[in-house]
Amino acid sequence: MADPDHNNGNGAGLSAEQSEALLAVRTQIDRLDGEILERLAERARCAQKVGEIKRGPLYRPEREAQVLRAIADRNPGPLSNEAVQRIFREIMSWCLGLEQPLQVAYLGPQGTYSEAAAAKHFGGSPTLAAQQTIDDVFHAVEAGAVEYGVVPVENSTEGAVGRTLDLFMSGNVSVCGEVGLRIRHNLMSKAADIGQVKRIYSHSQSLSQCNDWLAHHAHGIPRLPVSSNAEAARLAAEDAEAAAIAGENAAQRYGLPILFANIEDDPNNTTRFLVIARHDAGPSGRDKTSLICSALNKPGAVHALLQAFADQGVSMTKFESRPSRTGLWEYVFYVDVEGHREDPAVARALAELANRAAFLKVLGSYPVAAI
């Protein structure tokens with residue numbers, strides 16, 4: 001684990017004093033790398049002991065969230081909190097993989113933002129299983145073919161993902177985690193420059209999210225919507241006159257040079273994903289609870305639903321209506337609130353909501369995304 005610069009000569013161009021100082025620092029880095037390796041081995045052995053003691057699932061979302069938050073609180077720098085959390089996410093992922101290899105389904109094909117979200121949340125240890133549709137992700141979890149699934153639920157510019165919400169209504173899964181993924185769109189192609197591009201492939205939402213950039217820099221080039229950004233990258237990899245709008249993961253997967261990076265119109269464009277399983281998570285100290293409910297058919301019924309949370313001081317972070325698909329002009333409400341269903345205030349609010357709602361389904365409680 002030596003410093004990658006360690007073997008780049010003996011400090012050519014440096015004075016004898018500088019070379020001696022550089023050698024001393026490199027020697028210290030080598031010593032620290034050895035200590036880190038020993039500590040990693042010790043941590044992995046502790047993780048194995050946890051597996052010997054515990055019964056049932058070893059992956060606990062609430063425990064990982066608590067560890068990652070503690071790491072950020074204790075971080076002395078100079079690495080950023082996000083950097084050290086990413087490092088420790090990988091450490092936890094590979095330690096868990098020693099005892100309980102996980103399989104995680106996501107909306108494919110390979111190279112999608114859903115794959116990137118799954119990798120961000122679970123690290124590099126699990127086997128990621130691409131599925132053709134969001135329905136397939138739900139079915140894989142429900143059938144026990146995989147332990148977890150990652151599905152998109154809303155985008156900061158495009159709004160809710162309707163199919164995911166509909167499947168939560170009809171499906172038999174719980175929410176045990178969330179992932180926020182900053183969406184960075186890139187124009188990629190085997191063409192030498194944009195002047196050689198004759199067509200641009202991407203998902204319809206991505207084309208919409210890059211509309212201003214395309215109008216200024218790719219005016220007149222046909223935009224062809226396809227099923228996913230990864231599919232767009234695959235098509236562009238086979239067509240020297242085509243370009244794709246997709247993420248960096250897709251560019252690497254299909255060997256496409258990035259002509260222009262970060263072409264999204266909204267620099268804060270973010271997609272929120274939910275992690276689904278056959279269980280939710282225990283309290284972590286900073287949680288959300290997701291639920292679906294509907295109002296009775298009487299005046300003030302919707303206000304009564306909201307009042308159940310207000311009376312207990314529980315804050316809502318999401319309240320969205322959607323056709324129930326059970327009758328004409330009938331709607332259900334998708335709600336996220338702060339807190340865990342076991343928190344006293346949330347528990348009281350849910351109990352009161354059950355008395356006021358025509359229908360109530362608690363999807364699960366889970367840690368707020370740590371990174």
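1. Although N262 is not a glycine, its phi is positive, at about 55 degrees. As background, most residues other than glycine have a negative phi. Please keep in mind throughout that this is a predicted model.

2. Two peptide bonds also deserve a look while you have the backbone on screen. P78 sits in the loop between α2 and α3. The other joins G108 and P109, again cis, and its omega is about 5 degrees. You will find P109 in the loop between β1 (103–107) and α4. For context, most peptide bonds are trans.

3. Next, the strand β10 leads us to a sheet. Five strands make up this open sheet, in the order β8-β7-β9-β6-β10, and their pairing is mixed. At the edges stand β8 and β10 (258–260); each has a single partner strand, so one side of each is left without a neighbour in the sheet. From one strand to the next the twist averages 35 degrees. Helix α9 (residues 229–237) packs on this sheet and touches β6 (186–189), β7, β8 and β9. The direction of α9 makes about 155 degrees with that of β9.

4. Within that sheet, β7 is a handy strand to follow. Strand β7 (residues 199–203) runs parallel to strand β9 (residues 242–246), and 3 bridges join them. β7 also pairs with strand β8 (residues 223–226), in the parallel sense and over 4 bridges. I200 shows both pairings: the bridge partner of I200 in β9 is A243, while in β8 the partner of I200 is R223. For Y201, the bridge partner in β9 is A244. If you are tracing side chains here, remember that in a regular strand they alternate between the two faces of the sheet.

5. There is an open sheet of 4 strands too, with the order β13-β14-β12-β15 and antiparallel pairing. β13 (316–323) and β15 (357–367) stand at its edges, and each has a single partner strand, so one side of each lacks a neighbour in the sheet. The twist here averages 15 degrees from one strand to the next. β13 and strand β14 (residues 331–338) are paired antiparallel over 7 bridges, and the bridge partner of E320 in β14 is Y334. Helix α11 (residues 301–310) lies across β12 (287–295), β13, β14 and β15, and runs at about 160 degrees to β12.

6. Now to the open spaces. The largest pocket has a volume of about 1,200 Å³. It is lined by 33 residues, and those closest to its centre are R43, V67, F88, I91 and M92. Elements giving two or more residues to this lining are α1 (16–53), α2 (61–74) and α3 (81–99). The largest share comes from α1, with 9 residues. By class, the lining of the pocket has 21 nonpolar, 3 polar and 9 charged residues.

7. The largest cavity holds about 150 Å³ of space. Its lining has 16 residues, of which R89, H121, E178, A369 and A370 lie nearest the centre. The elements that give two or more residues to the lining of the largest cavity are α2, α4 (113–122) and β5 (174–182). Of these, α2 gives the most, with 4 residues. Sorted by class, the cavity lining has 10 nonpolar, 2 polar and 4 charged residues.

8. Finally, the aromatic rings. The whole structure has 6 aromatic pairs. How far apart are the ring centres of F122 and Y148? The centres are 5.5 Å apart and the ring planes are at 40 degrees, so this pair is tilted. F122 lies in helix α4 and Y148 in strand β3 (residues 148–155), so the pair ties together parts that are 26 residues apart in sequence.

Notes:
Residues are numbered from 1 along each chain as its sequence is written. This is a predicted model: local features need pLDDT of at least 70, side-chain atom pairs count only at pLDDT 80 or more; totals for chains, interfaces and linings use all residues. Side-chain values use heavy atoms; hydrogens and water are left out. On a 1 Å grid over the protein atoms alone, a cavity is a set of points where a 1.4 Å probe fits but cannot get out, and a pocket is an open set with protein on both sides within 12 Å along at least five of seven lines; lining residues have an atom within 4 Å of a point. Grid points are joined across faces, edges and corners, and a volume is the space filled by probe spheres set on the points. Ala, Val, Leu, Ile, Met, Phe, Trp, Tyr, Cys and Pro count as nonpolar, Asp, Glu, Lys and Arg as charged, and the others, Gly among them, as polar. Two strands pair if DSSP finds at least two bridges between them. Axes are lines fitted to C-alpha atoms, for helices over the stretch in contact, and angles run from 0 to 180 degrees between N-to-C directions. Contact means heavy atoms within 4.5 Å. Rings of Phe, Tyr and Trp (its six-membered ring) pair if their centres lie within 6.5 Å; planes under 30 degrees apart count as stacked, over 60 as edge-to-face and the rest as tilted.
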